Amino acid sequence: MKKVITGNHAVAHAARLAKPGVVAVYPITPQTSVSELMAEFVAKGQLKARLIRVESEHSVMAALIGASMAGARTFTATSSQGLALMHELLHWAAGARLPIVMVNVNRSMGSPWTIWCDHLDSLSQRDTGWMQFYCESSQEALDTVLQAYKLSEQVNLPCMVNLDGFYLSHTVEPVDIPEQALVDAFLPPRKPLYKLDIDDPHSFGALTSPEHYYELRYKAQKEMESAKELIKQTNSEFSQIMGRSWLPVEAIQTKDAEIIIVTMATTVGTCRWTVKKLRQQGLKVGLVKLKMFRPFPAEDLLEAIGEGPRVVVLDRNLSAGMGGIIQQELKNIFYSAGRRNQIFSAIVGLGGRDITPEQIELVVKQSLKDMYAADQINWLGGKI
Amino acid sequence: MKRRIYQNEIEMPEVAISESGSEWNKTGGWSTVVPVHQNKRAPCQRDCPVGVDIPVYLDLIKQKKYLKAYKIVKETNCMPAITGRVCYHPCEDGCNRKVLDQPLAIHALERFIGDWGLDNVPVKKHKVDLSKGKIAVVGSGPAGISCAYHLIQKGYPITIYEKESKPGGMLRFGIPEYRLPEKVLDKELKSVFDLGIEVKLNCQVGKDVSWEELKKFGAVFIATGAYRSRKMNVTGENLEQVKPALELLIETNLGKKFDLTGQKVLVMGRGNTAIDAARTALRCGAEVSILSRSGQQEMIATQEEIQMALEEGIQILELVDIGSFEWIDSNTARVNCVRLKREVNKTGKVRYPVMEGSDFSLTANLVLVAKGQDSELESLPAELEKDQSQVQADRWGKTSAERFYAGGDLALSAKTVAFALGSGRRAALAMDAYLSKMGLKSGEENILVTREADLNLAYFMKAPREEDVLTEVHSRKSSFKEVNAGLDQEGILREVARCFSCGTCNSCDNCYTFCPDLAVFKDNHQYRVYTEYCKGCGICVQECPRDAIELALKLGEES
């Protein structure tokens with residue numbers, strides 16, 4: 001059924017349809033309306049889950065770890081500082097191989113205090129061992145939450161589904177909320193790898209000596225690698241049932257492109273429009289949408305971009321002292337693949353500054369004309 | 001524990017999980033303390049003169065296990081339908097619930113279960129063992145009945161001697177019908193007597209039967225009450241317009257109808273008898289004022305009774321005493337009064353000295369004096385030690401004379417139904433110990449009382465106290481119908497749900513749920529602790545809403 005709803009409500013509907021047993025919530029802007037709707041679902045009996053209100057995001061994750069270890073499917077949503085507060089438990093959830101699914105509504109990190117969007121909050125959690133997806137639309141966000149459960153429970157790794165704060169979280173658009181029967185057909189109940197059982201008590205995650213820790217990390221890496229293919233299979237099962245498809249990497253008019261924009265989340269939508277406009281001007285511009293950030297879909301990206309074209313990466317984040325994070329990752333895989341494409345880097349939209357078609361047009365043209373060096377940061381849209 | 005090193009990642013599990021169970025790891029060795037499930041005494045039970053196990057029976061009402069609840073009450077209190085109506089409920093004063101909102105309305109719950117029992121529980125005659133010593137009980141008031149009730153359950157053959165034509169003592173003669181309907185009284189007394197107690201009415205010991213005769217009994221419990229109204233010792237006290245308040249109550253209860261229409265009645269006193277007499281006179285048509293030596297807040301009568309009297313239109317003149325009475329005519333007396341001051345000395349004791357030059361006078365057609373009652377001691381056996389107003393008896397009712405025990409108003413300075421019931425019960429225990437030559441166990445030593453600070457109030461929500469349903473004021477003024485209708489079924493369940501169950505485990509599962517080591521387990525509906533795994537963290541103690549778990553030092557640990 002199509003409904004005009006916000007991105008936050010779209011992911012809450014997805015979580016309801018996934019039938020988690022435990023939902024832990026702690027409010028933070030711009031995520032709060034996800035938690036509120038989950039509470040409403042539980043209060044109205046539309047979701048038979050234990051909704052736990054806790055005293056911090058750290059406790060949210062602790063509660064979900066416990067619930068997930070007891071075999072429950074779990075859900076929460078957070079943002080920014082809240083996500084940062086969970087940090088040590090994000091490592092724990094991944095190390096314990098718990099398929100927790102969490103929505104993170106992207107919000108810039110303070111200080112200074114801010115509630116608007118950039119991606120540094122979730123990208124800072126890059127190395128915690130969580131899978132990460134970024135969504136362009138509310139429909140994609142809803143569908144991605146459902147896919148995340150299926151993927152997570154196959155590889156036994158947690159997954160973070162990211163939505164751009166306000167651009168997606170609070171903007172209403174028509175979203176198809178699937179019927180429960182369709183979701184049930186796609187997503188079977190969770191079968192936990194291990195489970196807390198009071199009749200067969202074991203210790204989990206106890207002190208592990210150097211003889212064994214290393215291999216446990218190796219196993220997690222193997223699962224991460226397998227997730228790159230599994231997500232495509234999961235997506236194809238999903239699209240057979242729901243008629244919608246969301247690939248980890250989407251290539252748009254890249255075949256003949258001389259320059260390709262690579263970016264994530266709602267900026268992709270702006271780029272789609274700008275690419276169309278630049279094509280009308282005769283510029284051979286393409287676009288690559290990066291949906292999956294962890295595991296990093298190296299093969300898909302290399303294939304989508306190809307050997308020749310210049311690349312311009314729009315990073316809605318800044319790793320101070322190095323630059324844009326996606327740009328670094330991309331250069332990494334290109335180097336490994338022996339490719340010498342020129343990769344330009346632009347930092348965009350920090351702290352919720354709007355990213356406009358004019359800026360995108362500008363950076364494409366500057367990159368094509370070598371108006372700045374590929375190893376230089378282009379402070380696009382900055383008053384610099 | 002043998003340690004295993006995996007040779008490669010394929011044989012390793014996906015996560016760090018112990019291969020065998022974790023039960024080998026006896027973490028209990030880490031701790032110096034261990035939780036012990038230990039019920040404490042709730043303040044209500046501590047403060048109950050009868051010693052009723054209030055939190056336990058209230059929890060049973062919560063579960064709608066009324067028969068069990070009734071049985072628990074009846075273990076100590078033989079007349080809950082009566083005490084639920086007339087007891088001044090000291091149990092409510094110390095109720096821990098008052099830290100959150102208001103104390104629990106225990107009296108209403110007691111009345112409910114008492115009425116339920118009378119309607120639903122058949123009385124079976126108790127077997128008596130004639131080889132045990134026979135017991136004589138002198139007086140059929142609450143103390144005597146309580147003593148008889150507890151002794152017949154131990155198999156003693158019992159005879160109660162009552163000088164009046166009906167049993168019940170002060171319950172029947174001192175308490176007005178509108179507080180304790182005769183029907184309830186008769187039912188309740190029948191439920192006790194039907195256990196197999198012989199009651200000889202119209203039989204005054206010392207007159208119809210000699211005290212010598214009673215020495216043939218194994219033991220004798222004397223509870224003849226206190227019926228002699230105290231004098232004021234002021235001039236004019238013997239005028240015919242001045243009468244003891246108790247006399248009006250007794251005669252009204254005996255069925256005499258007084259017509260006091262248009263009469264002006266003054267009641268001197270500040271206890272429940274004063275209020276009872278005032279409200280009785282009001283119902284006979286009089287215009288009534290109470291003269292109290294103290295302020296209203298410091299009156300001895302319960303505040304509920306005072307409020308009801310005020311609602312009905314009775315005036316209370318505070319800080320007033322009577323100096324003398326004067327004859328005006330055969331129907332009228334002048335009452336000369338003084339005003340009193342309230343003074344508190346250094347130790348906090350309140351005194352009421354006369355305010356100089358504050359004399360004033362009132363006129364009245366009838367003055368009812370309620371200054372308390374003493375016992376008639378002259379007719380009692382000479383060997384009983386007595387003081388001016390009562391028989392000397394210890395806590396267990398034991399008097400100075402062999403086999404003679406005493407209780408109720410005859411031996412207590414606190415002259416209430418509840419204290420009388422308690423004294424009868426304790427005497428029964430002592431008499432049983434005396435006759436069976438067994439030691440006397442009080443069972444009351446070293447029991448800790450749950451204080452507010454021992455509770456975890458986070459588990460309790462505010463909920464207003466259910467108020468008794470009272471008859472409309474206008475219809476009360478001329479009727480002796482019961483004023484208080486108690487609570488309805490829903491009110492009872494709402495009210496009982498407010499009970500914290502202080503110190504009494506009611507199987508809420510918090511200790512079981514919260515234990516991080518699964519060291520609390522259930523064994524035949526009782527919680528127990530695996531001491532070999534309990535790390536002594538104390539979470540169970542903290543999370544127990546009602547203080548039913550303690551941390552105890554393990555043996556061999558120094559405090």
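Which residue follows H11 of chain A, and is its phi positive or negative? Gly306(A) follows H11(A), and its phi is positive, near 80°. Keep in mind that this is a predicted model.

Let's stay with that helix. H11 of chain A covers residues 298–305. It is mostly covered: 6 of its 8 residues are buried. Here are the buried ones: Ala298(A), Asp300(A), Leu301(A), Leu302(A), Ala304(A) and Ile305(A). What covers them? The cover includes two helices, H9 (213–242) and H12 (325–336) of chain A. It also includes strands E9, E10, E11 and E13 of chain A.

Now the sheet. Strands of a sheet pair through backbone hydrogen bonds, either parallel or antiparallel. In chain A, 6 strands form an open sheet with mixed pairing. Read the order with me: E9-E11-E10-E13-E14-E15. Strand E9 (249–252) and strand E15 (377–378) of chain A stand at the edges. Each has a single partner strand, so one side of each is left without a neighbour in the sheet.

E9(A) is joined by 4 bridges to strand E11 of chain A, residues 285–290. These two strands run antiparallel. For one pair to find on screen, take Glu250(A): its bridge partner in E11(A) is Lys289(A).

H10 of chain A, residues 267–280, lies across E9, E10, E11 and E13 of chain A. Its angle to E11(A) is about 170°.

Next, the two chains together. On the chain A side, Tyr194(A), His212(A) and Lys219(A) lose the most area to chain B. Together they make up 30% of what that side buries.

The interface of chain A and chain B holds 3 salt bridges. In a salt bridge, the side chain of Lys219(A) meets that of Glu9(B), at 3.6 Å from N to O.

Last, the cysteines. A disulfide is a covalent bond between the sulfur atoms of two cysteines. How many disulfides does a search of the whole structure find? It finds 0, over all chains. Take Cys87(B): the nearest cysteine sulfur belongs to Cys91(B), 6.3 Å away. A disulfide needs the two sulfur atoms within 2.5 Å. So Cys87(B) is in no disulfide. Cys87(B) counts as buried, at 16% relative accessibility. Cys91(B) is buried as well, at 9%.

How values were computed. Residues are numbered from 1 along each chain as its sequence is written. Chains are lettered from A and ligands numbered from 1 in the order in which they are written. This is a predicted model: local features need pLDDT of at least 70, side-chain atom pairs count only at pLDDT 80 or more; totals for chains, interfaces and linings use all residues. Side-chain values use heavy atoms; hydrogens and water are left out. Two strands pair if DSSP finds at least two bridges between them. Contact means heavy atoms within 4.5 Å. Axes are lines fitted to C-alpha atoms, for helices over the stretch in contact, and angles run from 0 to 180 degrees between N-to-C directions. Buried means under 20% relative accessible area, exposed over 50%, partly exposed in between (1.4 Å probe, protein chains only). Buried area is the accessible area (1.4 Å probe) that two parts lose on being put together, summed over both. A salt bridge is a side-chain nitrogen of Lys or Arg within 4 Å of a carboxyl oxygen of Asp or Glu.
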